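Here's a protein chain to look around in.

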Amino acid sequence: MAQPDCKKIFFENLSGAGKAIAVLTSGGDAQGMNAAVRAVVRMGIYVGAKVYFIREGYQGMVDGGDNIKEASWESVSSMLQVGGTVIGSARCKEFRTHEGRLKAAHNLVQRGITNLCVIGGDGSLTGANLFREEWSGLLGELVEQGLIDSDASQKYSALHIVGMVGSIDNDFCGTDMTIGTDSALHRIIEVVDAIMTTAQSHQRTFVLEVMGRHCGYLALVSALACGADWVLIPEMPPEDGWEKKMCQKLSANRAGMKRLNIIIVAEGAIDRNNKPITTDYVKNLVVKCLGFDTRVTILGHVQRGGTPSAFDRILASRMGVEAVLALLETTANTPACVVSLCGNQSVRLPLMECVQMTQEVQKAMDEKKFEDAVKLRGRSFENNLKTYKLLAHRKPESELPSSNFNVAVLNVGAPAAGMNAAVRSAVRVGISEGHKMFAVNDGFEGFYKGQIKEIKWADVGGWTGQGGSLLGTKRTLPAKHVDKIAEQMRKHNINALLIIGGFEAYLSLLELLTARGKYDELYVPMVMVPATVSNNVPGSDLSIGADTALNAITTTCDRIKQSASGTKRRVFIIETMGGYCGYLASVGGLAAGADAAYIYEEPFDIRDLQANVEHLTEKMKTSIQRGLVLRNENSNENYTTDFIYQLYTEEGKGVFDCRKNVLGHMQQGGAPSPFDRNFGTKISAKAMQWISKKLVETFRQGRVFANTEDSCCLLGMRRRALVFQPVVQLKEETDFVHRIPQEQWWLKLRPLMKILAKYKTSYDVSDSGQLEHVVRNRSKESDASAAM
């Protein structure tokens, strides 16, 4: 499959020749900042601009001297996997004064810098915008003081600002995810998973405090990801009398044979009177009212530390490149903007609109307008809160609607981390909607054998953090046994099907749809949720399990590269899974800083391999010590991993040696990442709500009869939204021979990986972000990054 045509930007329409770009990190550090700095430096050099580091944030800009140094390509090598910010960050009181900003302007003009890329929170970005607004006046003062001449004042008359939000709290309105948030969630979930085992052993209650002084995102999403019993956040304080309700909930869970309780408290948690709720208060409350053995754990700065996740590396790399493009396209009248992510699409938003909305959230909280505060946080935050309430708090039987419908849920295809979170969500939402839920073991093989049983609310407790498929899953397709499947559906009176799986699940839906003509039992609503590490399901940009696999690849590549530290120059050839889909190799290569990634969708021959070897050889001679090459398992039947390893070994003699590694099924195993837990939870909840709606629509004359195309759908993420698509309409988008979609969005990221690896290539700017305005609760705001 050919790569999309790309509009070249190398020294053409968007040349940066003669321009100077400076990058700084300011405020609190966040994992992924280094990936953003690396992308800005390399993209800036790629387009011909001079790029400067400003060390120690605004303090370095004010102090000048060696704090502002020109960056080289090599100066950002080996920093992609490093947490924090290697160029330093400091809070600067002097920059808040007019005199401090005058010094900063003088230092920039001396070096011809008129383009600033600021990575930080709302305070840092607000400061940058003020600096931009004062720029012409500052230059006038410098001319009056004789520090610069009038020619310099005219030449550098406009300062251009582009911001990237680096904040683990995800407290900046207008963007779905800020750099560092996903990594912080990784740290939290690692701790919660570890605590759960000891809590289980001793039947303890744990109260965990996570960061978030003014924003409850980390607390809310981690509670959703680990199935916490209770969560306290500043945006939505609990109702008066919450103490009694919480204790009743904890007591009921223990009575239901649960051996532990987890309560997550945001550090800024408050009650309805804006009075702080502390972890000690919660602990003492549980001990006093219930007598449970209770412990407090405060995570603190652990959440800021450690290696950035694959998501944060990819996000930061994409945003860094987008920031350089935005700077190249700015004019004197362009407002300062923030490059951001909506769904999986880059967007540019006016900086001050985002800042103002962020400030409105705090104002709403101060005025006790908590519903408004939640809405201002955005649809993603609001959906997280609704989903948590739906799954964590079971209504009494008397309050549940009685639907008299039976819904079956099953896993099909290979296991994928996050499947269990999706099943838990489906079961609990289904029960909340009044349905009787049935679990099918071992996919369609178990279905035709009658391995079907009712599954209750408590049966799925603790499932979110477990990898693999607890229901069991097989690749068996239904066509050969459709008669027995129809019989089982009749026997158990199954009124709807929810299938969670990969390409086999998609094929299964098509086969069941075809068989409807023969078996009336199949005229029921059927929906599929994509779950596969390969991310090769048509109709969805992302699948449950792919993020966990990417993190496994990234972590392994980090370790493999580190193993060569201090040795002679070495190149590693890594084989990834994915069938014919090159998603894992390509996006994993971007996250791990690979020099090349070979995939089926982008055909290559011996000349390409030779060019890659020569390119790597040249880099090895001048700068880098380690090289990384990824190969998708089915990228080419002749150019195997062994062949590429032997070719690189032979051609690199005297310059580098080679090692190879086949990652295999470690990409499928392990605990699901926070992203996959939440994506699985939210997409599955949405699928169940669709089923409930369809059951009502198609119930006639005492039975369910769903005979339209839109009663057999796939729920997938498309750019900015979760969309239900009839599977029959997806057939035209599918390459059935190679089990991949005809068009794949991530192919546009491949040139980005090549640019960051120092290849001269083409980059498609047609899909780059355009300046939009911040809209409150955008109707198409990422339900999908709403996964986070």
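This is a predicted model: local features need pLDDT of at least 70, side-chain atom pairs count only at pLDDT 80 or more; totals for chains, interfaces and linings use all residues.

If you follow the C-alpha trace along its principal axes, it spans about 90 × 70 × 45 Å.

What about the inside? Of the 788 residues, 62% count as buried. Take the contacts with a separation of 6 or more: residues 24 or more positions apart account for 79% of them.

Now for the gaps. Rolling a probe the size of a water molecule over the atoms shows where empty space is left. The count comes to six cavities of 30 Å³ or more.

| Space | Volume | Lining classes |
|---|---|---|
| Largest cavity | about 260 Å³ | twelve nonpolar, three polar and two charged residues |
| Second largest pocket | about 940 Å³ | nine nonpolar, 13 polar and eleven charged residues |

Which residues sit nearest the centre of the largest cavity? Out of 17 lining residues, they are Phe 311, Ile 314, Leu 542, Tyr 583 and Trp 745. Helix H10 (310-329), helix H18 (546-563) and helix H19 (583-592) each supply at least two residues of this lining, and H10 gives the most, with four.

Over to the second largest pocket, with its volume of about 940 Å³. It is lined by 33 residues, and the closest to its centre are Arg 91, Gly 121, Asp 122, Gly 123 and Ser 124. The elements giving two or more residues to this lining are helix H4 (122-144) and helix H11 (351-366). Of the elements, H4 gives the most, with five residues.

Finally, let's zoom in on one residue. Ser 153 sits in helix H5 (residues 150-155). Is Ser 153 buried or exposed? Its relative accessible area is 17%, and buried means under 20%, so Ser 153 counts as buried. And what does Ser 153 touch? Leaving aside residues up to four places away in sequence, Ser 153 touches Leu 139, Val 143 and Ile 148.

Definitions and conventions. Residues are numbered from 1 along each chain as its sequence is written. Side-chain values use heavy atoms; hydrogens and water are left out. On a 1 Å grid over the protein atoms alone, a cavity is a set of points where a 1.4 Å probe fits but cannot get out, and a pocket is an open set with protein on both sides within 12 Å along at least five of seven lines; lining residues have an atom within 4 Å of a point. Grid points are joined across faces, edges and corners, and a volume is the space filled by probe spheres set on the points. Ala, Val, Leu, Ile, Met, Phe, Trp, Tyr, Cys and Pro count as nonpolar, Asp, Glu, Lys and Arg as charged, and the others, Gly among them, as polar. Buried means under 20% relative accessible area, exposed over 50%, partly exposed in between (1.4 Å probe, protein chains only). Contact means heavy atoms within 4.5 Å.
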